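Please consider the model below together with its sequence.

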Amino acid sequence: MLLSFSPSNSTDMRFSIGNNLQIYSPHADGYAHSIMISAFCRAKLFREAKQLAKDFETTSNKYDLVILNSMLCAFCRAGEMERVMETLKKMDELAINPGYNTFHILIKYFCREKMYLLAYRTMKDMHSKGHQPVEVWCFIQVLILEWSPLYD
C-alpha cells in the first residue's frame, strides 16, 4: 500500500491512518510507527509526526533505536528542544547507544538552531563512538569558521 501525503489530503485522514495502526495491529511494534513518523516528516507534516510520536510514547513502552531516531527527527524538525532532550534522556535510561543516524539528526538540528558549539561537540562524540563524520565534519568546520572570528 502506497501512502501519499499531499496538501489535498485532510488532516482527519492522516490521523485516521495513524489510529488504524493500533486498530488493525494492536501488537504493532515501533517499526510501523517509525515508518509513519518518517513519512510525515518527509511530507513536512511535522505537527502530525510529533503527535504520532507522542501517541506512541503514551501507548507503548517498547523502544529501540529505530523508533527513537524517528521520534528524535520529528521533535527536531518541529523545533521542540525540550522533547529532543527528553528523547535523548530516554535513550540513555534504556541504554540504547546512538547510531550514525542519531548523531546526524542532532548535528543538523543544532546547526539549524545556530548552536554550533553543541553541534561540534556532538560531532566529536560521534567520532569517539567510532562513527566517521565525513560530510558532516566538513559542514561543521565551515559553520564554525563562519561563526568564530579568525583573529582575536
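Predicted model: local features only at pLDDT ≥ 70, side-chain atom pairs only at ≥ 80, totals over all residues.

Residues are numbered from 1 along each chain as its sequence is written, and side-chain values use heavy atoms, with hydrogens and water left out.

The protein chain contains 8 helices and 0 strands, where helices (H or I, at least four residues) and strands (E, at least two) are DSSP runs numbered from the N terminus. Its pattern along the sequence is α-α-α-α-α-α-α-α. Of the 152 residues in the protein chain, 38% are buried; buried means under 20% relative accessible area, exposed over 50%, and partly exposed in between (1.4 Å probe, protein chains only). Among contacts in the protein chain with a separation of 6 or more, 57% come from residues 24 or more positions apart, a contact being defined by heavy atoms within 4.5 Å. The protein chain exposes about 9500 Å², and carbon and sulfur atoms supply 56% of that area. Accessible areas come from the Shrake-Rupley method with a 1.4 Å probe, and for residues only the protein chains shown count as cover.

The helix pairs come next. Two packed helices are described by the angle between their axes and the distance between the axes. The axes are lines fitted to C-alpha atoms, for helices over the stretch in contact, and the angles run from 0 to 180 degrees between N-to-C directions.

Helix H2 (residues 30–42) packs on helix H3 (residues 46–59) at an angle of about 165°, with the axes 7 Å apart. This angle makes H2 roughly antiparallel to H3; angles under 35 degrees count as roughly parallel, over 145 as roughly antiparallel, 65 to 115 as roughly perpendicular and the rest as oblique. The crossing of H2 and H3 is left-handed, a term used if the near helix is turned anticlockwise from the far one by less than a right angle, with right-handed used if clockwise. On the H2 side the contact is made by Gly 30, His 33, Met 36, Ile 37, Phe 40 and Cys 41, and on the H3 side by Phe 46, Glu 48, Ala 49, Leu 52, Ala 53 and Phe 56. The contact of H2 with H3 comprises 9 nonpolar, 2 polar and 1 charged residues. In this classification Ala, Val, Leu, Ile, Met, Phe, Trp, Tyr, Cys and Pro count as nonpolar, Asp, Glu, Lys and Arg as charged, and the others, Gly among them, as polar.

H4 contributes Leu 65, Leu 68, Leu 72, Phe 75 and Cys 76 to the contact, and H5 contributes Arg 83, Val 84, Thr 87, Leu 88, Lys 90 and Met 91. By class, the contact of H4 with H5 has 8 nonpolar, 1 polar and 2 charged residues.

Helix H5 (residues 81–93) also packs with H6, at an angle of about 155° and with the axes 13 Å apart. H5 and H6 are therefore roughly antiparallel to each other, and the crossing of H5 and H6 is left-handed. Met 81, Val 84, Met 85, Leu 88 and Met 91 of H5 make the contact with Thr 102, Leu 106, Tyr 109 and Phe 110 of H6. The contact of H5 with H6 has 8 nonpolar, 1 polar and no charged residues.

Two residues illustrate the surroundings of these helices. Thr 102 lies in helix H6 (residues 100–112) and counts as buried at 1% relative accessibility. Not counting residues up to four places away in sequence, Thr 102 touches Leu 65, Asn 69, Leu 72 and Met 91. Asn 69 belongs to helix H4 (residues 65–78) and is buried at 11% relative accessibility. With the sequence neighbours up to four places away not counted, Asn 69 touches Asn 101, Thr 102 and Ile 105.

The loops supply two further residues. Ala 95, in the loop between H5 and H6, has a phi near 55°, a positive value in a residue other than glycine. Ala 95 is exposed, with a relative accessible area of 64%. Lys 114, in the loop between H6 and helix H7 (116–128), has a positive phi of about 60° although it is not a glycine. Lys 114 counts as exposed at 60% relative accessibility.
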